[in-house]
Amino acid sequence: MKLDAQAVAKIATLARLKLQPEEAESLGTQLSNILNYVEELKELDTSAVQPTSHVESQGTPLRPDEPRPCLSIEDILRNAPDAKGSAFRVPRIIE
């Protein structure tokens with residue numbers, strides 16, 4: 001399959017790319033090579049291959065969900081640049 005200049009121009013428009021003529025020609029060749037390779041892959045017999053959603057079957061390692069004590073308000077506010085009472089003070093953004 002060889003993409004013509006019109007197809008490359010349409011793809012560039014859809015991708016919101018502005019291409020110079022020499023770039024369009026080079027990209028057309030590269031995209032054609034990619035599409036040809038995909039066509040080759042379609043010919044492979046994958047009927048015995050089980051579909052996967054991830055290459056690793058280990059799953060996501062999670063730590064046990066165990067309750068732990070909270071930090072105290074003093075510890076939380078210790079590194080705050082500005083605090084008042086038990087709250088963070090931030091610049092006013094609404095007039």
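Reader: Is Val 90 buried or exposed in this model?
Author: The model is a predicted one. Val 90 sits in the segment after β2, a strand that covers residues 87-88. Exposed means over 50% relative accessible area. Because its relative accessibility is 65%, Val 90 counts as exposed.

Reader: Which residues form a nonpolar patch on the surface together with Val 90, and what is their accessible area?
Author: The patch is nonpolar and lies on the surface.

Reader: How many salt bridges does the chain have?
Author: A pair counts when a side-chain nitrogen of Lys or Arg is within 4 Å of a carboxyl oxygen of Asp or Glu. Lys 42 and Glu 39 make such a pair, as do Asp 75 and Arg 78, and Asp 82 and Arg 89. By this rule the count is three.

Reader: How many residues apart are Lys 42 and Glu 39 in helix α2, and what does that come to in helical turns?
Author: The side chains of Lys 42 and Glu 39 meet at 3.4 Å, N to O. Helix α2 runs over residues 21-42 and holds both. Because they are three residues apart in this helix, the separation is about one helical turn.

Reader: What separates the closest N and O atoms of Asp 75 and Arg 78?
Author: Asp 75 is partly exposed, with a relative accessible area of 33%. Arg 78 is exposed, at 59% relative accessibility. The two form a salt bridge, and their closest N and O atoms are apart by 2.7 Å.

Reader: Are Asp 82 and Arg 89 buried, partly exposed or exposed?
Author: The side chains of Asp 82 and Arg 89 meet in a salt bridge at 3.2 Å, N to O. Asp 82 has a relative accessible area of 35%, so Asp 82 is partly exposed. Arg 89 has a relative accessible area of 45%, so Arg 89 is also partly exposed.

Reader: Which residues is Ser 32 in contact with, leaving aside its neighbours within four places in sequence?
Author: Ser 32 lies in helix α2. Its relative accessible area is 3%, so Ser 32 is buried. Beyond those neighbours, Ser 32 is in contact with Met 1, Lys 2 and Leu 3.

Reader: What is the phi of Arg 16?
Author: Arg 16 is in the loop between α1 (5-14) and α2. Arg 16 counts as exposed because its relative accessibility is 78%. Although Arg 16 is not a glycine, its phi is positive, at about 55°.

Reader: What radius of gyration does the chain have?
Author: The chain has three helices and two strands, in the pattern α-α-α-β-β along the sequence. Its C-alpha atoms fill a box of roughly 70 × 50 × 20 Å along the principal axes. A compact globule of 95 residues would have a radius of gyration near 12 Å, whereas the chain has 28 Å.

How values were computed: Residues are numbered from 1 along each chain as its sequence is written. This is a predicted model: local features need pLDDT of at least 70, side-chain atom pairs count only at pLDDT 80 or more; totals for chains, interfaces and linings use all residues. Side-chain values use heavy atoms; hydrogens and water are left out. Patches are made of residues with over 30% relative accessible area and no salt bridge: like charges are joined within 9 Å, nonpolar side chains (Val, Leu, Ile, Met, Phe, Trp, Tyr) within 5 Å. Accessible areas come from the Shrake-Rupley method with a 1.4 Å probe; for residues, only the protein chains shown count as cover. Helices (H or I, at least four residues) and strands (E, at least two) are DSSP runs, numbered from the N terminus. Buried means under 20% relative accessible area, exposed over 50%, partly exposed in between (1.4 Å probe, protein chains only). Contact means heavy atoms within 4.5 Å. The radius of gyration is taken over C-alpha atoms; the globule rule is 2.2 Å times the number of residues to the power 0.38.
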